[in-house]
Amino acid sequence: MSRADAVPGSRGDAASPSAAYRHFLRTELRARVLVRAAQAGLLLAFLVAWEFAPRYGLVNPMFTSYPSALWPTFLGLLKATANQPGILEHAASTVMATVVGFSGAMLVGVIVAAALWWWKRLYLVLDPFLVVANAMPKIAFVPIFYIWLGATLSIYGMALAISVFITILMLHAGFEGVDANKIKLAQTFGASRWQVLRMVVLPGSVPTLIAALKVNTGLALVGVVVGEFQSANLGLGYLIQYGSQVFKLDIVMTAITLLAVLSALMYLAIAALERRVMARR
Amino acid sequence: MSPALAAAAPGTVKVELRDVGLRYFGREGETEALAGISLGVDAGEFVSIIGQSGCGKSTLLSLVAGIMAPTRGEVLVDGRPVRGPDPRVGYMLQQDYLFEWRTILENTLLGAQIQGLDPQMARDRAVMLLSRYGLAKFMDHLPRQLSGGMRQRVALARTLCTDPDVVLLDEPFSALDSQTRIAIADEIADILRREKKTAILVTHDIAEAIGMADRVIVLSRRPGRVKSTHAIQFASSGASRPSPMQARNAVEFNGYFNRLWQELEVHVEG
């Protein structure tokens, strides 16, 4: 936001902050640093426990591996072998399917939610089915999807299936929640239903769109990994399945850690998107 | 249908309601909101409609704006029945309802965009209006960066950007604090008079109704009917009409206020 004078909420003359204000800023900074330090400490404590619990025989290292074993395992998995692609290729496949899954869920979600907003009766008819479809454990369909869609498509299908219903429900609730007076205002200018959708409902639902994106990225990742358990010979889900079958927990833990890193990256990307969009509000 | 032409014919009836009635239907039953309302507003006239909450004041404006249809009677603008929202009629709602994702200029252009007006001409007009209302510096700001009074001026610019002949005001100051409220009422009354708009203000604030209007119409409790009509004249102020703020100090003011107060008081007891 650019600096503007005489605008409510803008900061006053910051040339000579008072001692009390400097104290306030210091306290604020200290609070932020403390939170970050606590977060880092928590992560470190977790890694230390994971490293030393097996070493001192508190848990069987066969079952947990060690954090220190992950990096060498990761480096070892980088290279493709005769019957196994490299780990980055696995990761790329998982990311690709996840992106397709949540993009598809967003696209279908917006279209279906808009249709339900447009035809209220359609919503009244479909509402119970959508709620049940959302509550259904979609994972139960993994074997069926494999038969219906084949090895690759079933993964995309699972990513979509697991995230699309909640997206529809969330977006529709968001569309319905747009201030009725804003719609009335547009109508006083003679706005058509299509104009109301395009100029009021959709732009007014941007926060809901972002909230839905947050939810369905995570869900799409779940769908992809579960789909890969069943059907793939590529992807981190497959690698986890493979590692556990040959009882190499190093591989399993490395793949899981990589999944955690990917989740964190996706979260950061959405947070950045949210900041950019919300700067306009 | 040029606005200049329509505005240049004072004394002609601009808005007319003929025996208008409205019933709402709900599962709990039907509600008669308005019954047998007949009234006319002349071109360039400023009319205030007062009544207690729930008397159907806002509904009446919705009928003139064409976003609701009467279940009885007819609403006419320029002698033609209202069949839907009409570009000749502008509407200011109880709050500014600025779109938080649009800049001030983009908000001002909303009506023009909906009505498909020439973008360059609409933009020029929006910039002109915003500058005139002291908002030139804020055109690229977002609504949340503006104070309540400024936001209400943007709402006025948005209404006038499509150049309607008739402006409907539905308690447009009710969300403002009392000082801003009086100042903005002054400004808006002045602007509407200078631009020779026909205006209908709905309010429950008696002082505001007297201060702004040429005529005050009192509605009865539900179902709303025209109870009485009061011409407001300030002979003491000479030829020009005083501003709403000046009107409060005019010798006639208290007389009008007490009369209208009694008209409304009757309904509290009844």
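1. Domain 1 of chain A and domain 2 of chain A bury about 620 Å² between them, with 70% of it on carbon and sulfur atoms. Buried area here is the accessible area (1.4 Å probe) that two parts lose on being put together, summed over both. Trp50(A), Glu51(A) and Met62(A) supply 66% of the area that domain 1 of chain A buries against domain 2 of chain A, more than any other three residues.

2. A word on conventions. Residues are numbered from 1 along each chain as its sequence is written, and chains are lettered from A and ligands numbered from 1 in the order in which they are written. Because this is a predicted model, local features need pLDDT of at least 70 and side-chain atom pairs count only at pLDDT 80 or more, while totals for chains, interfaces and linings use all residues; side-chain values use heavy atoms, with hydrogens and water left out.

3. Back to the domains. The assignment for chain A gives domain 1 (19–64) and domain 2 (67–278), with bounds that come from an automatic or database domain assignment. Their C-alpha centres lie 30 Å apart. In contact (heavy atoms within 4.5 Å) are 7 residues of domain 1 of chain A and 7 residues of domain 2 of chain A.

4. What about polar pairing across this interface? The rule finds 2 residue pairs in polar contact, both at pLDDT 80 or more. A polar contact is a pair of N or O atoms within 3.5 Å; within protein, one must be able to donate a hydrogen and the other to accept it, and residues adjacent in sequence count only if both atoms are side-chain atoms. The count of salt bridges between the two domains is 0, a salt bridge being a side-chain nitrogen of Lys or Arg within 4 Å of a carboxyl oxygen of Asp or Glu.

5. Next, Thr94(A), which lies in helix H4 (residues 87–118) of chain A. Helices (H or I, at least four residues) and strands (E, at least two) are DSSP runs, numbered from the N terminus. Thr94(A) counts as buried because its relative accessibility is 0%; buried means under 20% relative accessible area, exposed over 50%, and partly exposed in between (1.4 Å probe, protein chains only). Its side chain reaches the backbone nitrogen of Leu236(A) at 2.8 Å. Leaving out residues up to four places away in sequence, Thr94(A) touches several residues, including Leu221(A), Glu228(A) and Leu259(A).

6. Over all chains, the whole structure has 23 salt bridges. One to look at in chain B joins the side chains of Asp96(B) and Arg151(B) (2.9 Å, N to O). This pair links distant parts of the chain, 55 residues apart: Asp96(B) is in the loop between strand E6 (89–92) and helix H3 (104–108), and Arg151(B) is in helix H6 (residues 148–161) of chain B. Asp96(B) counts as buried, because its relative accessibility is 10%.

7. Two further pairs in chain B are worth a glance. Arg194(B) forms a salt bridge with Asp190(B), the closest N and O atoms being 3.8 Å apart; the two are separated by about one helical turn, because they are 4 residues apart in helix H7 (residues 178–194). Arg194(B) is exposed at 54% relative accessible area, whereas Asp190(B) is partly exposed at 42%. Glu30(B) and Arg23(B) also meet in a salt bridge (3.0 Å, N to O).
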